[in-house]
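Subject: Handing over the structure

Hi there,

Here is the structure I promised to pass on to you. Please open it alongside this email, and my notes follow below.

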Amino acid sequence: MSELLIEFRRLRFEGLISIRWTSTLILNWTSLQALLGGVNKYSTMFGRVWLYVVIVLRILVYVVAVQQVWDDDWQEFICVTRQTGCTNVCYDHFFPISPIRLWALQIILVTSPSLMVVAHTKYREMKDKKYTTTHQGKHLHAAPGKKCGGLWYTYMLSLVLRAGFDAGFLYILYIIYHFEMFSRVVKCNVSPCLNTVDCYISRPTEKTIFIFYMVVTSSICIFMCICEIFYLINKKVCTYKRKQQNQKTVNYRMDPLRVDPKASSNQNISNVHTVIVD
């Protein structure tokens, strides 16, 4: 995390990030690190990759590059007409939701499920601390630092919500823009335009590249969440089977009437007779 702050300062000196954005990032990065760092403690390898993609490939790129690309989307949207309100209506027709605002809302909602894990973890720590003080240092949970009990289900729910939010926003992006390249010139005949007018979009190729970048990074995050879900479920099932097998072994060893396959038949009969007599 400290390396990223150094990178922010370097970009500021090179003029790629304004002083206002740099100060805002430095002030808020500690809070973001505290929020996602608590979840990272319980994450698997897939969860750590997801965290890297969200922070570096989505949040950092959004702040450094995407905002500058879409800053002039309204000012540079030019329609060849003098009809009052025609340009406004055409812009709203082709850009009902600005991709930069859609991406910002997506990042906020995708990282929000982490709050559930952080809140559950804090509640669990407070409850365990209170139990420890009243029970002479004994812990409430056998492994306070591991995902078990209700925390496992909370973490699974957060993974489902992460993947669901990303998939939902990809669907919205497809409905609005159809994952197609932006045209340099678009035809608009929406009322109150009196006839079909030509409208020009600024930097359509660059905007198309970032749209596809949004799709790719969101797809990677969805894939990481799905992999982590299957990994945790498979680990849970294997742990349950292992416990069942160990329980059967213990029960077998505690059973006095069991038959020893290595002993002779007379020895087994003698053992059973001894148990009955006792």
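Arg203 sits in the loop between strand 3 and helix 8, where helices and strands are DSSP runs numbered from the N terminus (helices: H or I, at least four residues; strands: E, at least two). The phi angle of Arg203 is near 45°, a positive value in a residue other than glycine. Arg203 is partly exposed, with a relative accessible area of 36%; here buried means under 20% relative accessible area, exposed over 50%, and partly exposed in between (1.4 Å probe, protein chains only).

Before you read on, two notes on the basis of all this. This is a predicted model, in which local features need pLDDT of at least 70 and side-chain atom pairs count only at pLDDT 80 or more, while totals for chains, interfaces and linings use all residues. Residues are numbered from 1 along each chain as its sequence is written, and side-chain values use heavy atoms, with hydrogens and water left out.

Now for the whole chain. It has nine helices and three strands, and from the N terminus on the elements run α-α-α-β-α-α-α-α-β-β-α-α. Of the 278 residues of the chain, 35% count as buried. The chain exposes about 17300 Å², and carbon and sulfur atoms supply 62% of that area (Shrake-Rupley method with a 1.4 Å probe; for residues, only the protein chains shown count as cover). Among contacts with a separation of 6 or more, residues 24 or more positions apart account for 73%, a contact being heavy atoms within 4.5 Å.

A disulfide is a covalent bond between the sulfur atoms of two cysteines. Taking a pair of cysteine sulfur atoms within 2.5 Å as the rule, the count comes to three disulfides.

- Cys79 and Cys199 form a disulfide with their sulfur atoms 2.0 Å apart. Cys79 lies in strand 1 (residues 78–79) and Cys199 in strand 3 (residues 197–200), so this pair ties together parts that are 120 residues apart in sequence. The torsion about the S-S bond of Cys79 and Cys199 is about 105°, so the disulfide is right-handed. Both Cys79 and Cys199 are buried.

- Cys86 and Cys193 form a disulfide with their sulfur atoms 1.8 Å apart. Cys86 is in helix 4 (residues 86–94) and Cys193 in the loop between strand 2 (185–188) and strand 3, so the pair ties together parts that are 107 residues apart in sequence. With a torsion of about 100° about the S-S bond of Cys86 and Cys193, the disulfide is right-handed. Cys86 is buried, and so is Cys193.

- Cys90 and Cys188 form a disulfide, and their sulfur atoms are 2.0 Å apart. Because Cys90 lies in helix 4 and Cys188 in strand 2, the pair ties together parts that are 98 residues apart in sequence. The torsion about the S-S bond of Cys90 and Cys188 is about -90°, so the disulfide is left-handed. Cys90 is buried at a relative accessible area of 0%, and Cys188 is buried at 1%.

If you number the bonded cysteines of the chain in sequence order, the pairing is 1-6, 2-5, 3-4.

A cis peptide bond joins Ser191 and Pro192, with omega about 15°.

Thr208 is found in helix 8 (residues 204–254). Is Thr208 buried or exposed? Thr208 is buried, with a relative accessible area of 3%. Leaving out residues up to four places away in sequence, Thr208 touches Glu180, Met181 and Phe182. A polar atom of the Thr208 side chain lies 2.9 Å from the backbone nitrogen of Phe182.

Ile172 is partly exposed, with a relative accessible area of 31%.

Enjoy exploring it!

Best wishes

Definitions and conventions. Polar contact = N/O pair within 3.5 Å; in protein donor to acceptor, adjacent residues only side chain to side chain.
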